[in-house]
Amino acid sequence: MSIENNYCKLQQAHDQKCRVSLRFYKTNGQMAETVGYVTTIVPKAIAFMAITGHRHLIQLNRIITVSLQSQDRRYVM
């Protein structure tokens, strides 16, 4: 999936305040998957709050897949 396509999905998730599932590469090269909310989005990175309460700063070029879970619109800060 392209960075542009991921960015569009992340922007949509942020605008609609819906939960997303992300698969991405951590800085140590390991793949991780988490579910949560996009709290801030900028052209090259996102701030993300997992449903566990952990906060992440993820570079867009490290994100593999974005899956919107639009039926759940709870937004937790």
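Student: What makes S2 and S3 paired strands, and in which sense do they run?

Tutor: The model is a predicted one. Six bridges join S2 to S3, and the two strands run antiparallel. Pairing requires at least two bridges, so with six bridges S2 and S3 qualify as a pair. One of the bridges sets Val42 against Ala45 in S3, and a hairpin of two residues connects S2 to S3.

Student: How do you know that S3 and S4 are paired, and what is found in their hairpin?

Tutor: Five bridges join S3 to S4. The requirement is at least two, so S3 and S4 are paired, in the antiparallel sense. Phe48 has His56 in S4 as its bridge partner. The hairpin of S3 and S4 has four residues between the strands, and Gly53 takes a positive phi near 100° there.

Student: Which strands pair with S1?

Tutor: S1 pairs with S5 over six bridges, in the antiparallel sense. S1 is also joined to S2 by six bridges, again antiparallel. Towards S5, Leu22 has Val66 as its bridge partner and Arg23 stands opposite Thr65. Towards S2, Val20 stands opposite Gly36.

Student: Why are S4 and S5 called edge strands?

Tutor: The open sheet has five strands in the order S4-S3-S2-S1-S5, with antiparallel pairing. S4 (55–59) and S5 each have a single partner strand, so one side of each is left without a neighbour in the sheet. From one strand to the next, the twist averages 40°.

Student: What makes S1 an enclosed strand, and how is S3 covered?

Tutor: Five of the seven residues of S1 (residues 19–25) are buried, so S1 is largely enclosed by the rest of the structure. S3 is mostly covered, with five of its six residues buried. Across the 77 residues of the chain, 35% count as buried.

Student: Which residues touch the most other members of the largest nonpolar core, and which elements contribute to it?

Tutor: That core has 15 residues, and those touching the most other members are Leu10, Leu22, Val38, Ile46, Phe48, Ile58 and Ile63. Helix H1 (3–16), S1, S2, S3 (45–50) and S5 each give two or more residues to this core. Beyond its neighbours within four places in sequence, Ile46 is in contact with residues including Leu10, Leu22, Val38, Ile58 and Ile63. As a general principle, nonpolar side chains tend to be buried together in soluble globular proteins.

Student: How do you know that Arg23 and Glu33 form a salt bridge?

Tutor: The N to O distance between their side chains is 3.6 Å. The cut-off is within 4 Å, so the pair of Arg23 and Glu33 meets it. The pair links distant parts of the chain, Arg23 in S1 and Glu33 in S2, 10 residues apart. A search of the whole structure finds one salt bridge.

Student: What makes the phi of Lys17 worth noting?

Tutor: Phi of Lys17 is near 55°, a positive value in a residue other than glycine. Most residues other than glycine have a negative phi. Lys17 is placed in the loop between H1 and S1. Its relative accessible area is 40%, so Lys17 counts as partly exposed.

Definitions and conventions. Residues are numbered from 1 along each chain as its sequence is written. This is a predicted model: local features need pLDDT of at least 70, side-chain atom pairs count only at pLDDT 80 or more; totals for chains, interfaces and linings use all residues. Side-chain values use heavy atoms; hydrogens and water are left out. Buried means under 20% relative accessible area, exposed over 50%, partly exposed in between (1.4 Å probe, protein chains only). Axes are lines fitted to C-alpha atoms, for helices over the stretch in contact, and angles run from 0 to 180 degrees between N-to-C directions. A nonpolar core is a set of buried Ala, Val, Leu, Ile, Met, Phe, Trp, Tyr and Cys residues joined through side-chain atoms within 4.5 Å. Contact means heavy atoms within 4.5 Å.
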